[in-house]
Structure formats: structure tokens, C-alpha cells
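Have the viewer open as you read.

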There are 2 protein chains.
Amino acid sequence: MTGLERDKPAVRILLLEDDDPVRDRLARIIDGWPGGRLVASCATLGEAIRQITDETIDLLITDLNLPDGHGVQAIRLLRERQPEAQAMVISVLADDRTVIDAIEAGATGYLLKDSDPIDIVAAIGDLLAGHSPISSKIARTIVRRLGGREPPSGATAPPPAAADAQLLTPREMDILWGIAKGFTYGELAERLQISKQTVPVHIRNIYRKLQANNRSEAVYEASRRGLIKL
Amino acid sequence: MTGLERDKPAVRILLLEDDDPVRDRLARIIDGWPGGRLVASCATLGEAIRQITDETIDLLITDLNLPDGHGVQAIRLLRERQPEAQAMVISVLADDRTVIDAIEAGATGYLLKDSDPIDIVAAIGDLLAGHSPISSKIARTIVRRLGGREPPSGATAPPPAAADAQLLTPREMDILWGIAKGFTYGELAERLQISKQTVPVHIRNIYRKLQANNRSEAVYEASRRGLIKL
DNA sequence: CGAGCCCTACCCTGTTCATGGTATCGCGAT
DNA sequence: ATCGCGATACCATGAACAGGGTAGGGCTCG
């Protein structure tokens with residue numbers, strides 16, 4: 001060591017971004033920031049996986065769309081191998097699934113590329129201060145996930161399930177059970193003694209209420225919200 | 001009927017803030033903003049409740065600490081009476097309980113007073129654009145709520161998975177995760193970087209091993225056997 | 001080195017699903 | 001009494017899925 005590391009522990013940063021100009025720009029900024037040390041600057045998931053496996057990382061800054069995989073995979077691996085490390089996403093992706101996936105994988109920061117020029121150093125500082133720098137568009141997805149809607153009629157609902165209790169109608173709950181168990185339209189119709197034309201109507205309504213687009217997603221969502229337990 | 005609902009798309013804003021100087025300052029800013037109309041500027045929860053009950057509101061901007069109650073109560077009432085309306089918190093409070101309460105009550109914006117001078121107009125615009133202007137410190141609380149749990153890869157879960165651990169191959173477990181979350185062939189193929197022809201092959205093998213005939217059944221079975229936890 | 005398994009990939013075919021629209025009936029609320 | 005909504009029902013179309021067969025490359029293990 002030639003005195004690069006003094007008393008202050010520099011933040012070991014791993015950068016993962018497939019777009020060359022963007023990566024270089026970010027790398028330069030990070031390199032020029034005295035508080036951090038750029039462990040590596042990767043263009044592929046594979047390279048990042050190698051780095052995460054071999055090196056000690058404090059902070060992963062990653063894109064999501066990668067030529068050989070998805071940035072969330074890097075986040076997952078990082079959280080597994082180095083639970084103390086932080087992860088921040090910098091991406092153009094803003095759809096609900098991607099955002100929720102990233103957050104659930106352990107990302108604590110999420111900046112949208114499309115917005116105004118990113119102050120990456122400020123975001124890193126924010127993150128390391130225990131905050132979550134998140135673009136407002138991304139935040140909305142997360143907030144929606146928590147807050148949803150529908151007013152609690154009483155004062156305060158202790159269990160989260162109580163809030164969603166009225167979300168689905170009784171019939172929809174019947175249908176939900178059915179799709180969780182893998183029944184087809186026909187089986188469900190027979191079991192509930194209704195026309196097989198009616199089943200998809202209920203299913204559509206369930207999808208709308210749970211913001212799902214197919215059966216598995218609906219079951220996953222319903223389970224997550226405590227509407228059903230598998 | 002006063003018949004003025006369609007003429008102008010000015011945002012009807014209700015301000016609730018007990019601190020006089022702060023309230024006046026915010027009121028002036030909002031008043032000077034051509035995009036919005038200040039319906040009322042309240043110093044107490046009681047006054048705000050009256051306004052929410054009697055007037056049509058598009059956006060509530062509220063403090064939380066109030067002399068006669070809590071701002072969250074105003075948010076709850078608003079969401080109950082006027083579900084289309086938005087709510088934004090401006091407060092010094094940042095504890096988990098308060099933040100989660102506010103978000104669950106329906107707030108889609110949450111700015112911390114202590115931070116840098118608030119650009120309230122930008123935040124309002126953000127909010128009305130469908131985003132969620134949220135201070136990064138607040139965001140961390142929310143993110144923790146969503147993602148702060150255990151990493152999905154069961155590093156320390158030998159008891160349940162032991163018997164069936166070898167039932168599915170690693171790749172099949174990847175696929176299983178995907179179908180539990182509702183991914184299509186194409187999405188799964190992209191995320192795992194394999195051909196979309198290969199995905200159904202794995203799925204078929206999973207069905208065979210779990211004795212399932214469709215996705216929901218497979219997820220149900222896998223969950224029941226402890227292969228995945230939703 | 002051949003056996004066995006996993007992962008990969010493609011072909012084909014029939015079924016099921018997702019999604020739109022439209023409509024009737026009953027019930028509780030306005 | 002009209003309105004909103006839940007539940008029921010039908011039609012139609014394109015996308016996605018299930019299930020069958022075939023097969024090459026890579027890996028490990030006797």
C-alpha cells in the first residue's frame with residue numbers, strides 16, 4: 001500500500017453498467033470522489049459476479065438491463081455473500097415489477113436514468129447516511145405497494161390483512177382459492193356451480209384489484225397480502 | 001350545483017400546518033402558483049376536517065404534529081371522503097411508525113422539513129404527475145419495510161427443504177421462482193438468458209416432479225412442500 | 001469410455017387463458 | 001325510484017400455455 005488508504009475507510013464501490021460511455025462517466029466521477037474507491041467497473045453480469053465473489057464490496061451501483069442477465073441477480077448475490085453491503089440501482093426501467101424486484105432483492109437506492117443529470121456522489125452520500133435516494137417516479141411504485149388505497153373504516157386496523165379483507169368480494173375469494181389450487185375455468189365453474197363464462201369475469205376483477213396479469217401473479221400477490229395462506 | 005368543476009383544471013389544494021410562519025409561507029407560494037388554487041389554509045385538524053367534509057379537494061398538504069390531533073387523521077378522512085384526492089406530508093417527523101402510518105393512510109408524498117429548503121411547487125408537480133416526492137430519509141423507512149427482510153436464498157433453512165432439496169435441480173428452482181412471480185416464458189427466458197423454447201422444458205420437468213399440471217398448482221405444491229416461501 | 005443426468009434448443013398441436021365488449025338481475029343506498 | 005355494484009352470462013380474438021417428441025453438448029462417475 002502506498003498510502004492510498006489513510007485513516008478513513010474508503011467506500012469500496014463496484015460499478016456494473018453495460019453502456020460504455022455511461023460507465024466510464026460514472027467511473028470517473030466515483031474515482032474523483034475522495035470518499036470512495038472503485039473496486040471494479042464491470043460491463044457484464046458475469047464480471048460483476050466474479051467481483052462480488054472475490055472482492056469485498058461496500059456498495060454496488062448497478063444497471064438492470066445487462067447483456068448477460070439482470071442487475072437484480074447481482075444484488076441478490078451481493079446480499080447473500082456480503083449482507084452488510086448496500087446496493088443502488090441506476091436504470092431506465094421503471095415498471096412495477098422491476099422496481100419491486102429490485103427493492104425486494106435488497107436495493108436501497110434507485111435512480112432513474114431518464115430524469116435530470118444524476119448527482120451520483122450526493123446519492124452515494126445519502127445512501128451511506130442511511131437514507132434511500134430514490135427518484136420520485138420509482139418512489140410512487142413503492143408507495144403504492146405499501147399504501148394502496150381504500151380507507152380504513154374504523155380507526156386503525158392492527159393486522160395488515162384486515163385492511164385488505166374487503167378488497168375482494170366473497171365470490172372473488174372463492175375464485176382466488178380455485179386459481180391458487182390450479183383449477184381451470186371449467187373446474188372452477190363446476191365446483192362453484194356457475195357458468196364457465198362467469199369465471200374469467202371474476203378473475204379479471206381479481207387481477208384488477210391485485211394489479212396482477214395472470215394467475216400466478218395473483219396468487220403470489222394474494223399470498224403476500226395475507227388474503228390466502230398456502 | 002355551482003357548476004365550476006369542468007372549467008378550470010386548477011388543482012384545489014388544502015393546506016394544514018399549525019406553525020403560522022411556515023403555513024403563511026407555503027400558502028403564499030401556492031397562491032402564487034398559477035396551477036393551483038388554495039381552497040383553505042388550516043392551522044388545526046378540526047378546521048381541516050371541516051374543509052375536507054365540505055369542500056372538494058384535489059391535494060392535501062399537511063403537517064403531522066397538530067395541536068388538536070394528528071395529520072394522518074386528516075389523510076384518512078380525505079381518502080375516505082374523496083378517494084381521488086392526493087395527500088402529501090410535510091413534517092419533521094421521520095420515525096418508522098409515523099412514516100408507515102402516513103403512507104398506509106394514503107399519503108403519496110412525504111417531505112422532511114429539516115432538509116434543504118423545500119421546493120413545494122416542484123413536489124406538487126411531481127405528485128400530480130403520478131410520482132412520489134419523498135425525502136430520502138423517509139424513503140429508507142419505506143424501502144426497509146418492503147425489502148429489509150431475509151434474502152430469498154435459504155442459506156439457513158435446512159429443516160424444511162432437506163427432504164426435497166434435491167427434488168428440483170438448481171435451474172428448475174430458478175424457473176420455479178419465476179412462475180411463482182407470474183413471469184411468462186419470454187420474461188423468464190430473458191431473465192435467465194436462455195431461449196424461450198427451453199423454459200417450458202424446465203417447467204414440464206417441474207410439473208412432473210411436483211405432480212402438477214399448471215403453474216398455479218406447481219406453485220401451490222412447491223409452497224406446501226416448503227420449496228419456496230411466498 | 002460409456003451411462004446417466006442436466007441444460008440447452010427446436011418442432012408441432014391442441015387447449016387454456018387474458019381481455020375486450022355487452023347485458024341481465026337483485027340488492028342496498030341515495 | 002334511480003344508481004351503483006356484485007354476480008351472473010355470452011361472444012370473440014390473439015396470446016400464452018401444456019404436452020409430446022427429438023437431440024446435441026457438458027459433466028460426473030464407475
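## A charged pair across the interface

Start with Asp101(A) and Lys181(B): their side chains form a salt bridge, with 3.2 Å from N to O. Keep in mind that this is a predicted model. The rule finds 2 salt bridges across the interface of chain B and chain A. It also turns up 15 residue pairs in polar contact there, with both partners at pLDDT 80 or more.

Helix 6 of chain B has the largest share, with 9 residues. Sorted by type, the residues on the side of chain B that touches chain A come out as 17 nonpolar, 13 polar and 13 charged.

Counting contacts, 43 residues of chain B touch 50 residues of chain A. Together, chain B and chain A bury about 4200 Å², and 56% of that is on carbon and sulfur atoms. Three residues stand out on the chain B side: Arg140(B), Leu146(B) and Lys181(B) supply 17% of the area chain B buries against chain A, more than any other three residues. Lys181(B) is also the partner of Asp101(A) in the salt bridge we started with.

## A cavity lined by both chains

Rolling a probe the size of a water molecule over the atoms shows where empty space is left. Here the count comes to 1 cavity of 30 Å³ or more, and the largest cavity holds about 40 Å³ of space.

What lines the largest cavity? From chain A come Ile134(A), Ala139(A), Ile142(A) and Val143(A), and from chain B come Ile134(B), Ala139(B), Ile142(B) and Val143(B). Helix 6 (136-147) of chain A and helix 6 of chain B are the elements that give two or more residues to this lining. By type, the lining has 8 nonpolar residues, no polar and no charged.

## Salt bridges overall

Over all chains, the structure holds 21 salt bridges. One of them joins the side chains of Lys113(A) and Asp63(A), at 3.3 Å from N to O. Lys113(A) sits in the loop between strand 7 (109-112) and helix 5 (120-128) of chain A, and Asp63(A) in the loop between strand 3 (59-62) and strand 4 (65-66) of chain A, so this pair ties together parts that are 50 residues apart in sequence.

Technical notes:
Residues numbered from 1 in each chain as written. Chains lettered and ligands numbered in written order. Predicted model: local features only at pLDDT ≥ 70, side-chain atom pairs only at ≥ 80, totals over all residues. Heavy atoms only, no water. Contact = heavy atoms within 4.5 Å. Buried area = accessible area lost by both parts, 1.4 Å probe. Salt bridge = Lys/Arg side-chain N within 4 Å of Asp/Glu carboxyl O. Polar contact = N/O pair within 3.5 Å; in protein donor to acceptor, adjacent residues only side chain to side chain. Helix = DSSP H or I, 4+ residues; strand = E, 2+ residues; numbered from the N terminus. Nonpolar A, V, L, I, M, F, W, Y, C, P; charged D, E, K, R; others polar. 1 Å grid on protein atoms, 1.4 Å probe; cavity = no way out; pocket = protein on both sides within 12 Å on 5 of 7 lines; lining within 4 Å. Points joined across faces, edges and corners; volume = space filled by probe spheres on them.
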